[in-house]
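Please look over the chain below and one of its helices.

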Amino acid sequence: MSSLDKRLGQRFLPYGANYLDWSDMSELRKVIEHQVLFRYQTETESMASRLERTVAERLGAHHALAVHNCTEALRLALISTRPSIGDLVYIPAVTFVAVAGAVLSSGLIPVLVDADDSLSMDPTLVPPDAQRVIVAHMEGTVAPLPAGVPYLVEDCAQSLGARFPDGRQVGTAGYAGTFSFHHNKVLTSGEGGLLVTNDESAWSTMRCYHDHGSARVPGHYPTWNQDAHFGENFVTSEQVAAVQCQQFRHLDELLAGLERMYAIAMGELPDRPDLEVRPRAAGDVKVSLRFRCESRQLRDAAVAALTAAGIANWTLGKYLLPDHPVLTGRRSLYRDGFPWNHAPDAPSALSHDGFARTRDLLDRTLCVPLSPELPEEEQVVAAKAVRQVLEAV
Ligand SMILES: *Cc1c(COP(=O)(O)O)cnc(C)c1O
């Protein structure tokens, strides 16, 4: 295998550039030398606080809170809205199952909302009186937002750094935005999550809940106010925050690398009308080229040909929640079926056609990841290789 084949084909996660290198780990070194891995051990600015400050500044959010993963961030966002058990949360029909898990484990009921032509949630299907909606910006694609929703949560697990047409960062438009640093995301610390909000009182509720319901002052044992409510422990660690700070330093470089390879690849598209690339918006994070094939057979043949050539690729059928066992089975570890036993009789899915069109779109979609860290010449070689394989299918 050439070094290019290795870099394109062997890395399990193609769009995580990683940037992990001992020469670049000053934050982690600092934490280790300081000998403190717990963020609230000291009164001075912790690495976790530094991460939150840096991310909030870069995204233009008032507050950020680091947690262990994006699923926790979603749960925290939902619980902080002070819902009642069984309240409905409108979520995309096409997203990772973590979104449904976060809703259910918070005692709430997911309602699946069908996708538009770009496979983002169709905001026109969301009822005008919806209280809680989670929109997911999937695969770097900025999704349209429903208007007038009091608790609109943007799940940005796959879209750190994406921008709305007006220039605002995704995650900052509604009640809260959630991010993931899992291995498969734009930046990674193995596992990791973060939440942003512009709402001061939401932020203090979240901060309190994420640390056992306490009113902790950094550097001290937690204290509880007389009106304290219960919480959980979602407090991050200093060494994880250090890796996240290091990763975050590379965000602009990574976004620029993706833009460059996207431009190169768009100049090397296969010359065939039955295998069209879906152009991305200016503000999208260009994590992949997304192709729409004329038929499922052609899509499957393209997947087989790319895989045989050692070129990474993926499809999106795994995100179709109406067919996911967690949703179809309505099972729960609780004997009484919680929280499904609180589901109202209202429809649990909103679609004009029982998701038929979305199923068909997913069956014909193919994604080829872009590799931000490759030097330009290698990006050209990679784009030509993709073109060659797809033209021969
Ligand atoms: C990965 C992912 C999550 C969950 O993130 P974790 O950090 O793994 O908990 C949530 N939503 C979407 C859209 C994701 O892709």
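Predicted model: local features only at pLDDT ≥ 70, side-chain atom pairs only at ≥ 80, totals over all residues.

Q: What radius of gyration does the protein chain have, against that of a compact globule with 393 residues?
A: A compact globule of 393 residues would have a radius of gyration near 21 Å. The C-alpha trace spans about 70 × 55 × 40 Å along its principal axes. The value for the chain agrees with the globule, at 22 Å.

Q: What percentage of the residues in the protein chain are buried?
A: Buried here means under 20% relative accessible area. The chain has 12 helices and 11 strands, and exposes about 17,200 Å². Of its 393 residues, the buried ones make up 54%.

Q: How many residues does helix α9 have, and what does it reach from its first C-alpha to its last?
A: Helix α9 covers residues 296-308, which is 13 residues. At 1.5 Å a residue, the expected span is 18 Å. The helix comes close to that, reaching 18 Å.

Q: Within what arc do the buried residues of α9 fall?
A: An α-helix has 3.6 residues a turn, so residues three or four places apart point the same way. In α9 the buried residues are Leu298, Arg299, Ala302 and Leu306. They line one face of the helix, because seen down its axis they fall within an arc of 100 degrees.

Q: Which exposed residues does the face of α9 turned away from its buried side carry?
A: The buried residues of α9 are covered by elements including β8, β9, α11, β11 and α12. The face turned away from that buried side carries exposed residues, namely Gln297 and Ala308.

Technical notes
Residues numbered from 1 in each chain as written. Heavy atoms only, no water. Helix = DSSP H or I, 4+ residues; strand = E, 2+ residues; numbered from the N terminus. Expected span 1.5 Å × (residues − 1). Buried < 20%, exposed > 50% of the residue type's maximum accessible area, 1.4 Å probe, protein only. Arc of directions from axis to C-beta. Contact = heavy atoms within 4.5 Å. Rg over C-alpha atoms; globule rule 2.2 N^0.38 Å. Areas by Shrake-Rupley, 256 points an atom, 1.4 Å probe, with all protein chains shown as cover.
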